[in-house]
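Subject: Structure for your review

Dear colleague,

Please find the structure below. My notes on what was found in it follow.

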Amino acid sequence: MKQFIRTTIGAVSLAVFALGASAQNARIAIDATKVLNKIPAKMYGSCIEDVNHEIYGGLYDQLLYGESFEEPAPTPNYDGWKTLNGEWKPTAAGIEVKPGSGDKLIRENPIVKNGSAEADIKFTGRGDNAGFIVRVNHEQAGLDDFDGYEISLNPDRQMVILGKHVHNWKMLKEVKVSFDRNSWTHLKVDMNNGQISVYVGNEHAAYLKNIDAPALTYTDTDHPLLSGKIGLRTFNLGAIFENFAIKKDGETIRSLFSGKPPVQVSRVWDAVTSPTARANFMLDGNDPYNSKQAQVIEILSGTGKIGVANKGLNRWGISVKRGEKFQGSVFFKADGLTGPVTVALQNAAGTKTYASTSFKSIASAWTKYPFTLTTNATDPKARFVIYIDKKGRLSIDQATLMNTGAAQFKGLPLRADIATKMQEEGLNFVRYGGTMVNAPDYKWKNMVGPRDKRPIYEGHWYSYTSNGFGINEFVAYSEAAGFDPAFAINVEETPQDVADMLEYLTGSATTTWGKKRAEAGHPAPYKLKYIELGNEEVIWGDLKNDYQHYAERFNLLYDVIHKNNPEIKVICAAWWRPKSLDNMEMVFKAINGRADYWDLHTWADDANSGTQVDHDLQNMRDMFLKWDPNTKLRITIFEENGGLHNLQRALGHATTMNAVRRHGDFVLTSCAANGLQGLGQNDNDWDQGQVFFTPSQVWGMPPFYATQMAAKNHEPLRVESNVDGDLDVTATRSESGDELVLHVVNTKSAAVATTISLSGFTGNGPVKVYSLAGDPKAENTPLHPTAVSTKESSIPRSGNTISYTFPGNSYTILRLKK
């Protein structure tokens, strides 16, 4: 069905009617004299947070991953089981796992077609879900990297969940159940050809206890998975599994968890050993330099290289080039060490050394040892190694390796290639925030001072997160890059800590905290404009008391911010629920006249996502004005979310930008998430980076080009556009009226031949065309980094009519000058 879209001041009215014209034809009428609203000047935004290694392993120029050796030794290789990520520790009757992003433990045998699996489960802490995976095949490390069914429990939502993974995730069915999250719950799954039945018991069940009625039954008729292995899995929730058993062909197979203890090397480092030296590796929690533990290596007898090696983020390699200079430091202390300590850059196997330096004498107390290394070869997958070759013990902590010179962005500890690519995107606003700020240990005071003394903290996305890049580094980067920064803080920060933060960032260098900023290298106060209090607060449920608590915390911290710096605009992060207007009105009335913006998070995976964004913005505006006709509260979109980074997502971003233009007087910005993503380093469902990177390469995905096109062609005024056909259109012009820009999105697969008529805009010059088009599933790759990118051309123009065919699946900008 075709749509006729007529835009009016303050609203978008949609009239739907059948047209006699072909589906591949359209008409656009522009009246450049009718200005409807202003376009947000800062609408070209991006959201970054430390998820999927955007920061630690990405923008932050710390080339080593696991800098403080806080990660424990690897999980033992349990006999008969395959470990695919995670911390799995045996208990008296089973095994315990810490929260992880899809960490799996899979029993190698038996292969089960029809049968059952069951266990008693107790959950530790809060999070998402944990349970079984069955009929597993093609399993690899990674969130959804396997084929099979997932049967899991979510204690917070009181749900039993059945999902299907074919190297992706599809919800098949979920059912409300009642169980005590603090007690044992018995979970059982029966498999009978395509039918899966799930049983949930409220008590610690006896071994193979029968539960009468299934809580969930489902028959998969869409290419069912009919046999495979059985395993355990966590999705961001700690759990203990006991009395685990598999039944097949009348036989009950009980599971024990035994295996050889691993070498005691922090799991993101690798042990360097020698057949001619008897060595000992240990993780020491008694006297670390920073955080909770340090790495110890020791040669007991013989000689040979004994040490630890690091290959960067998840061992994807450290990129080095011939003649490139690196800087770094490591903290050492020695006990009876009779030889030097060497640090080096080598090839992955350790058979070639590209650069090295040695320290002949190591102190018995923790001491910082700085170094530089200049490499003599090029290798995109090098490793960094620390080793000894003589008898004695060496303790190691807080290792740093960074680039130098032009490889760092304007002297900051940031990768210049990534930081510059964000500038090239045309961004003028960046938000630093997300679920990471909801972690209890996310506190700004842990992010200042010498980086090698900042504590590792238990982050939401990674349990051993670096504080090397914090709010201060983000604001400094934004200043250097020319972005307007906004950052979120944990809403449970104390009023005094928030006051100190403001003094640190915006206070004079003569104040207590301003002096600390000056000592850190930035004497002048930062020009800070926006602070968000929390992130997606109360997203976990429509809970009145939790919304009230958030409103109280908001006002408590707002008072501190307003008192210390009244120029800063404060943003509300309460999760917007359009079907819970009582709670929304309660929050609105609590923050109205204080908050400047309410943060709305939107979905952008669908090509026509802008239609829903249009509706949501109008709904929020209507509600705000209903509750207070004189309110000045507006909206900011700090996260356009999804799970894609292809052309379809670019079109969703383009239609979202059109929606924002229509509501320009009501919206501050729209920040596409996630700003960055490492290739192959996605830990969760947010597979949506705009800028992708490896250790040696950086490139834009299709949404990057949608933002770049729009930013390059920004004009401040929206004018009237009428559309007859299947196109999403906004029109803008300059203040002087000399330039006119059309943003046109064709979300259909067929090209649309279009006649454009202009009113109030004369001239005969050529029309500049910017187009992003192709297969909706198309992405850019390291081998073809610009396969889906903006194509520029021009078309002739004569008089007030233009003919142009908009390609299928395209975002096109037409730029005209008088």
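Strands here are DSSP runs of E of at least two residues, numbered from the N terminus, and two of them pair if DSSP finds at least two bridges between them. Please keep in mind that this is a predicted model.

Sheet. Seven strands form an open sheet in the order S6-S9-S18-S11-S12-S13-S14, and the pairing is antiparallel. S6 (81-84) and S14 (170-176) are the edge strands; each has a single partner, so one side of each has no neighbour in the sheet. From one strand to the next the twist averages 20°. Within the sheet, S9 (residues 101-112) and S18 (residues 228-235) run antiparallel and are joined by 7 bridges. Ile 106 has Gly 231 of S18 as its bridge partner.

Cores. The largest nonpolar core contains 152 residues, and Phe 332, Phe 384, Phe 487 and Trp 598 have the most contacts inside it. Another core, of 39 residues, lies apart from that one and includes Val 112, Phe 123, Val 189 and Leu 237.

Helix H9. This helix spans residues 702-712 and is largely enclosed by the rest of the structure, because 9 of its 11 residues are buried. Among the buried ones are Phe 704, Tyr 705 and Met 709.

Cavities. There are 4 cavities of 30 Å³ or more. The largest cavity holds about 90 Å³ of space. Its lining divides into 5 nonpolar, 4 polar and 2 charged residues. Trp 461, Tyr 462, His 53 and Asp 683 are among the residues that line the largest cavity.

Regards

Notes: Residues are numbered from 1 along each chain as its sequence is written. This is a predicted model: local features need pLDDT of at least 70, side-chain atom pairs count only at pLDDT 80 or more; totals for chains, interfaces and linings use all residues. Side-chain values use heavy atoms; hydrogens and water are left out. Buried means under 20% relative accessible area, exposed over 50%, partly exposed in between (1.4 Å probe, protein chains only). Helices (H or I, at least four residues) and strands (E, at least two) are DSSP runs, numbered from the N terminus. On a 1 Å grid over the protein atoms alone, a cavity is a set of points where a 1.4 Å probe fits but cannot get out, and a pocket is an open set with protein on both sides within 12 Å along at least five of seven lines; lining residues have an atom within 4 Å of a point. Grid points are joined across faces, edges and corners, and a volume is the space filled by probe spheres set on the points. Ala, Val, Leu, Ile, Met, Phe, Trp, Tyr, Cys and Pro count as nonpolar, Asp, Glu, Lys and Arg as charged, and the others, Gly among them, as polar. A nonpolar core is a set of buried Ala, Val, Leu, Ile, Met, Phe, Trp, Tyr and Cys residues joined through side-chain atoms within 4.5 Å. Axes are lines fitted to C-alpha atoms, for helices over the stretch in contact, and angles run from 0 to 180 degrees between N-to-C directions.
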